Amino acid sequence: MTQKIIEDLEIEIAGLEKILRSKKLELKNLRESVLTSPPKANKRLTKEDIERFSRQIIIPAIGCKGQMALTAASVLIVGAGGLGCPASQYLTGAGVGCIGLVDYDDVECSNLHRQLLHSEESIGMPKVSSASEALKRLYSKTNIVEYKTQLRSSNALDIVSKYDVVVDATDNVATRYLLNDACVMLGKPLVSGSALRLEGQLTVYNYNGSPCYRCLFPKPPPPETVTNCGDGGVLGVVPGVIGVLEALEAIKIVLGWTGVLSGQLLLFSAESGTFRNIRLRGRNPGCDACGDAPTITSLIDYEQFCGTKATDKDTALKLLAREQRISPETLNEIFICKKKGLLIDVRNSEEFDMCAIPHSINVPLKNIDDPSTVNKIKGLLQNDDSHQENLSVYVVCRRGNDSQKAVLKLQEILRDQNLVICDLEGGLHAWSKKIDASFPVY
């Protein structure tokens, strides 16, 4: 009986939370319908302001004048994730009057180890709404403007133009070029940070004659050389450190301090606990964006320019013919039920240790054409109890992209083995969805 009461209450609470979210969204839409641009804060400090911010007001370099500058300032943060959460939190804490949040994504469980404005209760919510609610709890007077959208060439200039400082807290190259060009065209300083695995970077572009992003990187890197934290991983503390430092640079710009990281690159290593400061090349007079005779005078198609999507979501590759791919249902029937074939998991060893399909073997993609690895695979094929005239080799990875690359390599390496080689379409995500719901999705 008690358990039934608990279940009924949980259902009722879930319903009320859904209604509350709907009402908050309705209120947000009403506010946005009358908001033409982020409003400036009052130009005088109130009694509450003085009491709240007294610890930083009494710093000689800030004082009442500096606090009033922060209260009147507006900062746009593009990305409400690992970098954007700490950046927005500390900018709100410092009393910045208006903060714009741009993010197209919703909160997922895998975000929570590093995106600490979000919580278990906000899973499934838009990130901008979840972050906005948390920031409002921190300081209700800060005006938070939510943009649940992907920043594009069609909307970037309109959004960026309304803010004094822009913070790049994104995780993809295409948006970095887009933000750079928009900031150059509008004369906005761009605070840019990144974090991956155990390392972070931070700099400020387009400020007081400093170089822009294109000055240093006129052409984007090949897409296959770029790794985001979804694929490469990241220790949650690292974007926390860089995000806080992004907030610091934005504050320094608002206050007009010297020592802004323009023309300099700050490198952080979590493993060694060290910071290094590297001087960058100066502004390039021939730069296509900020040079003396710029050729980029309007925003372009940045996904085409970079050869990759302007999101950190994976795009499904199509490298194999349909007959070279199998469904989770077919793999389950053949490999699990009938115990036929060889299943090769090409994720790295750390991922394989987290979770794996029973009886699969781990051969990381980066090692798949090593001579020792090739001999290992050939040995397994020779010793396979299910060896038949046409033995099948199945390849699996996280999402079904690396597995296709592995199939192409294995077809070349094992071309003399008379094998049928195919991959699991959709990877382990599809396996979890269609075969084993207990299998972790990460």
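Start with the open sheet: select its 5 strands, which run in the order β9-β13-β12-β10-β11 with parallel pairing. Strands here are DSSP runs of E with at least two residues, helices are runs of H or I with at least four, and both are numbered from the N terminus. Two strands pair if DSSP finds at least two bridges between them.

Before you go on, remember that this is a predicted model, where local features need pLDDT of at least 70, side-chain atom pairs count only at pLDDT 80 or more, and totals for chains, interfaces and linings use all residues. Residues are numbered from 1 along each chain as its sequence is written, and side-chain values use heavy atoms, with hydrogens and water left out.

Next, pick β10 (residues 342–345) and β12 (residues 392–396), which pair in the parallel sense over 4 bridges. Click on Leu343 and look across to β12: its bridge partner there is Tyr394.

(Axes are lines fitted to C-alpha atoms, for helices over the stretch in contact, and angles run from 0 to 180 degrees between N-to-C directions.)

Next stop: two helices. Show α3 (residues 63–72) and α10 (residues 237–255), whose axes come within 9 Å and cross at roughly 115°. That makes α3 roughly perpendicular to α10 (the label covers 65 to 115 degrees). Which residues of α3 meet α10? Select Gly66, Ala69 and Leu70 in α3, and you'll find them meeting Ile251, Val254 and Leu255 in α10 (contact means heavy atoms within 4.5 Å).

Last, the rings. The structure holds 7 aromatic pairs, meaning rings of Phe, Tyr or Trp (its six-membered ring) with centres within 6.5 Å; planes under 30 degrees apart are stacked, over 60 edge-to-face, and the rest tilted. Zoom in on Phe53 and Tyr139, an edge-to-face pair at 5.4 Å centre to centre, with 90° between the planes. Phe53 lies in helix α2 (residues 47–57) and Tyr139 in the loop between α5 (127–138) and β3 (143–147), so the pair ties together parts 86 residues apart in sequence. Are these two buried or exposed? Both Phe53 and Tyr139 are buried (under 20% relative accessible area; exposed is over 50%, partly exposed in between, using a 1.4 Å probe and protein chains only).

Finish with Tyr177, Tyr205, Tyr213, Phe217 and Phe305, which ring pairs link into a cluster.

Conventions
Angles under 35 degrees count as roughly parallel, over 145 as roughly antiparallel, 65 to 115 as roughly perpendicular and the rest as oblique.
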